[in-house]
Amino acid sequence: MLPYTAETLFALFDEYNTAIRPLPALALFFAAGVLMLVIRSRQDRSRLVIGILAVSWLWTGIDYQLIFFSGINFAAPAYCAAFVLQGLVLAWTGLVRRRFILHFNRGFIGWAGIRIAIIAAVILPVIDWQSGVGWTDMRLALIAPGATAGFTLGILMMSKGPIPLHLIVIPVLWTFAAGFHAWILGIPQDYLLPVVGVIALAACLKSRNRSAP
């Protein structure tokens, strides 16, 4: 059903990660930094965090989806458009209008967000590695689509107020698409992504209902 196999996909990530060196190492550093900024910062660092997320969506859309992924999937330009749109929406909401503040709360949603961010940034790449792929084949948050979507949802769940629905639509849809692709290709670790999407959507709806008068 898909025009490529799991082996072809991981070979593409090997080519991609090698070509953009040293960004994979920097992506791990920035993902850890983003998580620490949201959890431990006593000052509002929302603009910095949202800026990093926005750039990561733009980068992944243009560099990965359009330049690399389009070589094995004809739908890649459409995926690129969705990722660029998400990057612009994040930038508009968090940088231009400043309508969204990230601040870790110790409630259920906040702790769930931490766990989801760690799953996307650490657990999924480790499972990739343990499944037999090389270090350069791993799919990392901030530069790979599925991990970036999951990581973004985890960070957005650490919101000071209601989670804006328009910020999670594309990431949630991508987690569902990634889960469908994983089922076809036989990549079981990616079955976690649609679960992440469902949890994030439920958290968004709960946060909005809680703030309603």
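Y4, F13, Y16, W57, Y64, F68, F69, Y79, F83 and W174 are linked by ring pairs into a cluster. The model is predicted, so local features need pLDDT of at least 70 and side-chain atom pairs count only at pLDDT 80 or more, while totals for chains, interfaces and linings use all residues. Residues are numbered from 1 along each chain as its sequence is written, and side-chain values use heavy atoms, with hydrogens and water left out.

Rings of Phe, Tyr and Trp (its six-membered ring) count as a pair if their centres lie within 6.5 Å; planes under 30 degrees apart are stacked, over 60 edge-to-face, and the rest tilted. Across the whole structure, 12 aromatic pairs are found. F29 and F30 form an edge-to-face pair, 5.7 Å centre to centre with 75° between the planes. The pair of Y64 and F69 is stacked, because the ring centres are 5.5 Å apart and the planes stand at 15°. Y64 is buried, with a relative accessible area of 2%, and F69 is buried at 5%. F29, in contrast, is exposed at 58%, and F30 is partly exposed at 39%. In these terms, buried means under 20% relative accessible area, exposed over 50%, and partly exposed in between (1.4 Å probe, protein chains only).

F30 also belongs to the lining of the largest pocket, together with L23, L26, A27, I52, V55, S56, W59, L142 and I143. The elements giving two or more residues to this lining are α2 (23-40) and α3 (46-68). Helices (H or I, at least four residues) and strands (E, at least two) are DSSP runs, numbered from the N terminus. α3 bends by about 25° at T60, the bend being the angle between axes fitted to the seven residues ending there and the seven starting there.

The pocket holds about 210 Å³ of space, and its lining has nine nonpolar, one polar and no charged residues. On a 1 Å grid over the protein atoms alone, a pocket is an open set of points with protein on both sides within 12 Å along at least five of seven lines, whereas a cavity is a set where a 1.4 Å probe fits but cannot get out; lining residues have an atom within 4 Å of a point.

The largest cavity has a volume of about 270 Å³. Among its 20 lining residues, L9, R139, G146, W174 and D190 lie nearest its centre. α7 gives the most to this lining, with five residues.

Notes. Grid points are joined across faces, edges and corners, and a volume is the space filled by probe spheres set on the points. Ala, Val, Leu, Ile, Met, Phe, Trp, Tyr, Cys and Pro count as nonpolar, Asp, Glu, Lys and Arg as charged, and the others, Gly among them, as polar.
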